[in-house]
Amino acid sequence: MKKLLQLDIIIVLVFALFITSCKNKPKEEQKEATSKRPNILFIMSDDHTSQAWGIYGGILENYAHTPNISRLADEGTVLENCLVSNSICTPSRATILTGQYSHVNGVKILDAGLSPQYNNIAKEMQKGGYQTSIIGKWHLKQEPAGFDHYAVLPGQGEYHDPVIKTADNWKDYYEGGKQYKGYSSDVIADMTIDWIENRDKDKPFMAMCHFKATHEPYDYPERFAHLYKDEEIPVPDSFYDSSASVTGRSFLGQSMDNLKQRYLDATADPSLRHDFMNYPGLPFSVDGLTNEEARYKTYQKMVKDFMRSGAAVDDNIGKLLDYLEANGLAENTVVIYTADQGYFLGEHGWFDKRLIFEESIHMPFVIRYPKEVRAGARNKDLIENVDFSALFADYAGIDYPNDMQGRSFRENLKGNTPNDWRDYGYYRYWDHSTDRPGHFGIRGQRYKLAFFYGNGFKGAAQNQFWDFYDLQEDPHELHNAYNDPKYKDIIADMKAEILKQREAIGDTDADNPEILEIIKKHWN
């Protein structure tokens, strides 16, 4: 009995010493706890479409200079079907931050902004103990909120010697800031490294590094000017498609010929060379060329400049990865590289984005997290940019707000796709022009259906409202099969699915009777 009593006393004393030790070492405990939560380095470029990544195949696979993207792909997982829900810069960025579709956060078009009062995932990460930063392209007009540090470009920003705005000199929209010497991607990467180096090391971090490249005018640093100088880049099979009548699609699209005219206008009038028309390598001429020859020459300039700009992004991704390795951060840092949407590089004779077509809606995406994410893997699940915020929250171990609409794909990345994962991604482009009308639709693993309500909206001239594509039989979307009777039942089911999706996410146009009337008139 006496021995048992002594044993009990020893146990109590040991336990007491343990509790006292824990109370006396809060910093050590905090470091141990936070070290288990990963850092997040979210790298995003503008328009750097999957065709020019070198890891998604295609005609540019052997031309793209992207060794560091390939390195990330070898060490992490590539998403094959990551989709943007509104393929234009500002709305995509707002969706990533807010975890909400455009109709919920209110950022539907390019000119919209995001109020600093509006909630976003950076604010939630801050509340959860993360130190946060955003450096580079912001494009949401009003002051960034939820970030311990920000240093952002005004508007699109400049490629060379960019002006960058911080809390010390902030003014809303396009004013304010300080000029920094150098090429923008280099400046942005260096600033990101500097912030990580000087962060509060007792906290995990989320650093958002947003490059301006590869946005029009597709500029690049001198060190990559030699790329492709003596090469001819192949064109897409649909490059000389110049009419909606060829494929039966519902709209014209933004022709490569429009870019040719921009090159010519900027050559003739140097005062136009600002923002997106400050093209490298001018003057440009198509004198004596046929229309097809002029389009080909325009493509050669555009795609070479685009890939040179992408090479500079890749170069800086390598710089960031090397920094993480050298400082012992690589193992516990989630590294993501993506683009805010896709981009047409001559497919269908187009450039730019905005449309539900494959090159536009695909967000190339690669993620590395050595502790958990599979190396050298590919994932074909339908992921949307609304889901990014949920993934961040999942890795951070924080609650995901009920009014955010994303779903974490952490298990998908492990190869454990939930049985109830989405079968379709929802898309809506809110702006309208006759060549690129407003539209909404869904994209599944095989089929895509879109309703171009903009064709009857605000003066558009055409009368075709539906596009349907079988991506297995027609992966390049060269034939609108909406009127093919063999797809009648599939299309009927997908129309019902569109309505179901619209109800589920709240995109019902309840406040727009004009669009509802168009839907009613042309739905069947």
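Guide: A pocket here is an open set of points on a 1 Å grid over the protein atoms alone, with protein on both sides within 12 Å along at least five of seven lines. Grid points are joined across faces, edges and corners, and a volume is the space filled by probe spheres set on the points. Lining residues have an atom within 4 Å of a point. Nonpolar covers Ala, Val, Leu, Ile, Met, Phe, Trp, Tyr, Cys and Pro; charged covers Asp, Glu, Lys and Arg; the others, Gly among them, are polar.

The model is predicted: local features need pLDDT of at least 70, side-chain atom pairs count only at pLDDT 80 or more, and totals for chains, interfaces and linings use all residues. Residues are numbered from 1 along each chain as its sequence is written, and side-chain values use heavy atoms, with hydrogens and water left out.

The largest pocket has a volume of about 860 Å³. It is lined by 31 residues, and Gln51, Tyr56, Glu359, Pro475 and His476 are the closest to its centre. Its lining divides into 14 nonpolar, 10 polar and 7 charged residues.

Now the cavities. In a cavity, a 1.4 Å probe fits but cannot get out. The count is 4 cavities of 30 Å³ or more. The second largest cavity has a volume of about 50 Å³. Its lining includes Trp138, His139, Val152, Leu153, Gly155 and Lys165. The classes are 7 nonpolar, 2 polar and 2 charged.

Strands (E, at least two residues) and helices (H or I, at least four) are DSSP runs, numbered from the N terminus. β5 (residues 149-153) and β6 (residues 163-166) run antiparallel, joined by 2 bridges. Two strands pair if DSSP finds at least two bridges between them. The open sheet has 10 strands, in the order β7-β6-β5-β4-β8-β1-β9-β12-β2-β13, with mixed pairing. β7 (178-179) and β13 (377-379) are the edge strands, each pairing on one side only.

Contact means heavy atoms within 4.5 Å. Axes are lines fitted to C-alpha atoms, for helices over the stretch in contact, and angles run from 0 to 180 degrees between N-to-C directions. α7 (residues 184-197) lies across β1, β4, β5, β6 and β8, at about 170° to β8.

Finally, a helix pair. α9 (residues 256-268) packs on α10 (residues 291-326) at about 75°, with axes 9 Å apart. That makes α9 roughly perpendicular to α10, a label for angles of 65 to 115 degrees. From α9, Met256, Asp257, Leu259, Lys260 and Tyr263 take part; their counterparts in α10 are Ala294, Arg295, Thr298, Tyr299, Lys301 and Met302. This contact has 6 nonpolar, 1 polar and 4 charged residues.

Definitions and conventions. Parallel < 35°, antiparallel > 145°, perpendicular 65-115°, else oblique.
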